[in-house]
Amino acid sequence: MIIISIGDNILKIKENIDNTCLKTGRKNDIKIVAVTKYVSIDKILESLKYGIDDIGESKVQEFLNKIDHIQPKPNYHFIGHLQTNKVKYIYDKVDLIQSLDRIDLADELEKRANLADIRVNLLIQINISRESTKFGIEENEVFQFIEALENHKHLYIQGLMTIGSNTEDKAKIRSDFRKMYNLSERIKSKHYDRVNMDILSMGMTGDYLIAVEEGSNMVRIGTGIFGEREKMGG
Ligand SMILES: *Cc1c(COP(=O)(O)O)cnc(C)c1O
């Protein structure tokens with residue numbers, strides 16, 4: 001049996017981020033989202049003891065099964081592909097949906113948020129690497145996408161999210177992350193209503209330090225905190 005110290009892992013990741021910020025001369029304003037898909041409630045509770053305030057889940061049912069057992073309540077991020085017919089289960093239970101990737105999802109979120117009279121905070125997922133296997137809006141379509149949200153008055157776009165290229169090629173990963181930063185700056189300069197670019201969510205276990213070097217302020221880390229995932233029956 002491999003014993004993984006969640007606390008040590010978190011401290012180490014924080015230290016790596018601190019050092020990278022020092023090296024690149026940027027302020028450490030980086031939020032760590034602990035990605036807890038397939039992670040047990042005990043382990044999640046353990047991570048909360050070590051200063052994790054933000055939890056990322058990617059499966060609706062798994063998220064719903066867990067939330068009642070996790071106290072004190074962390075900030076919840078939904079980071080997976082969200083089916084339109086599942087919006088109703090989570091739109092009012094998560095603090096940030098990071099995976100807005102199509103208009104019909106925005107339509108459904110707006111409908112629900114309007115009825116409940118709440119606002120929904122979102123990141124637009126960008127498919128920056130243009131891999132066909134990935135969800136997300138293409139870089140050159142994002143302005144049109146945002147303009148199509150003009151009447152979605154309950155939706156607040158807080159920034160962008162991407163998943164780094166699935167490659168060993170560090171230069172490619174870096175150049176995609178740099179494109180993301182530049183894209184978020186370009187969107188910011190447009191001053192759209194209900195759109196700010198406060199959050200740039202990029203970087204996972206394998207590439208979070210590159211992401212930090214390229215301007216990420218939110219990293220989503222699963223394996224690096226909890227160890228390899230064991231699928232719990234789906
Ligand atoms: C699983 C997942 C992560 C975390 O991946 P690790 O490599 O385990 O850190 C981050 N973001 C998304 C969208 C994920 O699905």
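Which atom of the ligand lies 2.8 Å from a polar side-chain atom of Arg229? An oxygen atom does. That pair is a polar contact, here a pair of N or O atoms within 3.5 Å.

Before going on, a word on the model. It is predicted, residues are numbered from 1 along each chain as its sequence is written, and local features need pLDDT of at least 70, while side-chain atom pairs count only at pLDDT 80 or more. Totals for chains, interfaces and linings use all residues, and side-chain values use heavy atoms, with hydrogens and water left out.

A polar side-chain atom of Thr205 lies 2.4 Å from an oxygen atom of the ligand. With Gly222 the backbone takes part: one of its N or O atoms is 2.9 Å from a ligand oxygen. Taken alone, the ligand exposes 380 Å², and the protein buries 88% of that; these areas come from the Shrake-Rupley method with a 1.4 Å probe.

What surrounds the ligand? The residues are Val35, Lys37, Ile79, Ile163, Met204, Thr205, Arg220, Ile221, Gly222, Thr223 and Arg229, where near means that a heavy atom lies within 4 Å. By class, this shell has five nonpolar, three polar and three charged residues. Asp, Glu, Lys and Arg count as charged; Ala, Val, Leu, Ile, Met, Phe, Trp, Tyr, Cys and Pro as nonpolar; the others, Gly among them, as polar.

Next, the pocket. The ligand sits in the largest pocket, meaning that more than half of its atoms lie within 2 Å of the grid points. A pocket is an open set of points on a 1 Å grid over the protein atoms alone, where a 1.4 Å probe fits, with protein on both sides within 12 Å along at least five of seven lines; lining residues have an atom within 4 Å of a point. The largest pocket holds about 810 Å³ of space. Its lining has 31 residues, and Lys37, Ile163, Met204, Arg220 and Arg229 lie nearest the centre. The lining divides into nine nonpolar, 13 polar and nine charged residues.

Finally, two backbone details. Most residues other than glycine have a negative phi, and most peptide bonds are trans. The bond from Gln71 to Pro72 is cis, with omega near -10°. Arg130, not a glycine, has a positive phi of about 55°.

Key:
Polar contact = N/O pair within 3.5 Å; in protein donor to acceptor, adjacent residues only side chain to side chain. Points joined across faces, edges and corners; volume = space filled by probe spheres on them.
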